[in-house]
Amino acid sequence: MHWIWPLVARLSNNKLCVRGPGQGGAIYLTFDDGPNAQHTPALLDLLKAHDAKATFFTIGRDAQAHPELVQRLLAEGHALGNHSMTHARLKRLAPAQQQAEVKAADAVLQGFTGRAHHPFRPPHGEATPSMLWRTLRGQQRLVLWSVDSLDYTLEAGAVVQRLQDWPLSGGDILLFHDDGPVATEALAQLLPAWRSRGLTLAAL
């Protein structure tokens, strides 16, 4: 996480979000790049077993392909976020194309939630000036993270080693992914450890 994002978050009155509310020792699991037919169900099973809630930043085309998974995660008390329609590298697109990606995904998600807008996380966390301007104008909340699990580069054991002694505090937003098995494997060990430290797992 670049040092500038917490500063921008403060200046934007938290319209750009890198931390959530910290009351009650709440931390916030977030999952990008799903829903995934192979891996998301096992993750949902794990979260349910530990009474943990999370926020899923879903790709619009994958939500269209797996509506039953989106319906399930909402039914089980998780929150839904926008991760663009196709997971394009938005910084390589013109501003109008960037907004088309966001709007198309929101239109898909509206079919599940009834809401026209959803919290947005850009693919790869690459927030462009156009996105920041839209956020500052209050049109869409931009959500990044404060702790990166690195589950997209590390094996599960290394993720556990990285995070089990991390000085998490209430309000931390953790980045994971549900398009592979690593998050589920690592969280099977981390969730009980975090619970024992008095942390709670909430949705944004």
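**Helix packing**

Tutor: Helix 2 (residues 40-49) and helix 8 pack at an angle of about 5°, with axes 10 Å apart, where axes are lines fitted to C-alpha atoms, for helices over the stretch in contact, and angles run from 0 to 180 degrees between N-to-C directions. The model is predicted, with local features needing pLDDT of at least 70 and side-chain atom pairs pLDDT 80 or more, while totals for chains, interfaces and linings use all residues. Residues are numbered from 1 along each chain as its sequence is written, and side-chain values use heavy atoms, without hydrogens and water.

Student: How is helix 2 oriented relative to helix 8?

Tutor: Their angle is about 5°, and angles under 35 degrees count as roughly parallel. Helix 2 and helix 8 are therefore roughly parallel.

Student: Which residues in helix 8 do Ala42, Leu43, Leu46 and Leu47 in helix 2 meet?

Tutor: Contact here means heavy atoms within 4.5 Å. By that criterion, these four residues in helix 2, Ala42, Leu43, Leu46 and Leu47, meet Thr184, Leu187, Ala188 and Leu191 in helix 8.

Student: Which residues in helix 4 (residues 67-75) meet helix 2?

Tutor: Helix 2 and helix 4 pack at an angle of about 10°, with their axes 11 Å apart, and are therefore roughly parallel to each other. From helix 2, Thr40, Pro41, Leu44 and Asp45 take part, and they meet Leu69, Arg72 and Leu73 in helix 4.

Student: Which residues of helix 7 (residues 156-163) are buried?

Tutor: Buried means under 20% relative accessible area, with a 1.4 Å probe and protein chains only. The residues of helix 7 that qualify are Ala156, Val159, Val160 and Leu163.

Definitions and conventions:
Buried means under 20% relative accessible area, exposed over 50%, partly exposed in between (1.4 Å probe, protein chains only). Helices (H or I, at least four residues) and strands (E, at least two) are DSSP runs, numbered from the N terminus. Angles under 35 degrees count as roughly parallel, over 145 as roughly antiparallel, 65 to 115 as roughly perpendicular and the rest as oblique.
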